[in-house]
Amino acid sequence: MTWNLKYWDILDQLYWSPKYIGLRSIQKNKCIIDDKYVAVPLELVNPDGPLYTRGRKALDHYQWMRTQEETLNHVFDIAFAIAPDAMIERCLALPLGFVDKGIFQSLGREVRFRYGWGTSENITQHDGLFVSKTSIIGVEIKINSATSSEQILKYASLVVWEEEHSGRKPQVGLLYIVPAHRVSRVLRSCGLDGPNAPLSILDKVAHEKLPKRIHELLKHGADRVRDVLDRMVVRAISWSALYLSLREIADASDPNEPGGQTLKRLVEGLTAQIADHFPDMLEEAKTLESPMHTGPIEL
């Protein structure tokens with residue numbers, strides 16, 4: 001049993017206990033019910049927002065959730081927030097051509113406070129952001145969703161704000177993790193023809209479609225964004241390649257040492273979830289050569 005199943009236990013509990021996500025039930029004796037309709041008192045609902053009802057039974061909901069990028073992203077985030085720096089370097093930095101021993105911070109929604117935004121704005125939702133003294137690495141994971149030049153600008157903006165917070169970094173990159181058949185196409189769909197983000201992206205995107213704060217940054221701080229784009233390395237790897245690298249890390253861990261045991265369990269939960277999301281990927285991974293350095297990582 002791998003640890004990622006605990007994550008699904010939590011989601012199952014939330015499905016059956018929606019009060020934990022801020023919802024509450026409305027008792028039938030407070031409603032007016034006839035043969036076709038149910039009338040709910042106005043004070044019990046949000047008049048300016050949507051009403052919700054269950055769209056799927058529990059098993060159907062589980063089957064749907066295991067196809068979604070967000071759930072894979074959750075497990076990915078948990079695993080790499082716990083992962084040792086050497087695993088982050090091997091899996092996320094080396095594909096960008098970066099050598100960085102860390103120490104890494106994994107930053108999620110807490111950037112709202114780190115950069116002084118507060119909770120009222122939804123600036124951008126990044127899949128992964130890893131920061132050390134020498135690197136800023138953005139990670140964008142994909143299953144089926146589209147990519148765009150706007151995504152490059154969103155990560156470039158995050159780099160601008162992070163460098164304002166923690167200083168300029170010599171290594172700045174964005175790594176896409178995508179299905180194998182999309183690796184050769186994903187950068188082109190973002191308007192890239194190589195591993196570096198072109199400055200022309202600034203002229204191609206529809207700025208009015210960007211979040212307000214990013215739009216304001218491009219309006220008043222375009223030079224800072226250009227500087228980041230000029231330094232940013234953008235590359236893509238497949239889920240199969242990442243899976244293979246993670247399996248190598250797990251296989252090389254020392255089962256007789258507590259650190260090795262923990263690392264192996266951490267990696268096995270993540271690889272189990274990747275395999276669950278991509279059931280046809282395992283045979284593909286067997287045909288790949290090792291994309292990373294082999295051997296154990298230092299704990």
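The report below goes from the whole chain to the sheet and then to the helices.

This is a predicted model, in which local features need pLDDT of at least 70 and side-chain atom pairs count only at pLDDT 80 or more, while totals for chains, interfaces and linings use all residues. Residues are numbered from 1 along each chain as its sequence is written, and side-chain values use heavy atoms, with hydrogens and water left out.

**Whole chain**

The protein chain has 13 helices and 7 strands; these are DSSP runs numbered from the N terminus, helices (H or I) of at least four residues and strands (E) of at least two. Of its 299 residues, 43% count as buried (under 20% relative accessible area, with a 1.4 Å probe, protein chains only). The accessible surface is about 16,800 Å², and carbon and sulfur atoms account for 52% of that (Shrake-Rupley method, 1.4 Å probe). Where contacts (heavy atoms within 4.5 Å) link residues at least 6 apart in sequence, 77% of them join residues at least 24 apart.

**The sheet**

Five strands form an open sheet in the order S3-S4-S5-S6-S7, and the pairing is mixed; two strands pair if DSSP finds at least two bridges between them. Strands S3 (105–106) and S7 (232–238) are at the edges with a single partner strand each, so one side of each has no neighbour in the sheet. Strands S5 (residues 135–141) and S6 (residues 171–178) pair in the parallel sense over 7 bridges. Ile-137 is opposite Gly-173 in S6.

Angles run from 0 to 180 degrees between N-to-C directions, and axes are lines fitted to C-alpha atoms, for helices over the stretch in contact.

| Helix | Strands | Angle |
|---|---|---|
| H6 | S4, S5, S6 and S7 | about 150 degrees to S5 |
| H11 (residues 239–252) | S5, S6 and S7 | about 80 degrees with S7 |

**Helix H6**

H6 (residues 149–166) also packs with H10 (residues 222–231), at an angle of about 110 degrees and with the axes 9 Å apart. That makes the two helices roughly perpendicular (65 to 115 degrees). From H6, residues including Ile-152, Ala-156 and Val-160 meet residues of H10, among them Val-225 and Leu-229. The residues of this contact divide into 8 nonpolar, no polar and 4 charged. Here Ala, Val, Leu, Ile, Met, Phe, Trp, Tyr, Cys and Pro count as nonpolar, Asp, Glu, Lys and Arg as charged, and the others, Gly among them, as polar.

Ser-157 also lies in H6. Ser-157 is buried, with a relative accessible area of 0%. Apart from neighbours within four places in sequence, Ser-157 is in contact with Ile-214 and Leu-217.

Notes: Parallel < 35°, antiparallel > 145°, perpendicular 65-115°, else oblique. Buried < 20%, exposed > 50% of the residue type's maximum accessible area, 1.4 Å probe, protein only.
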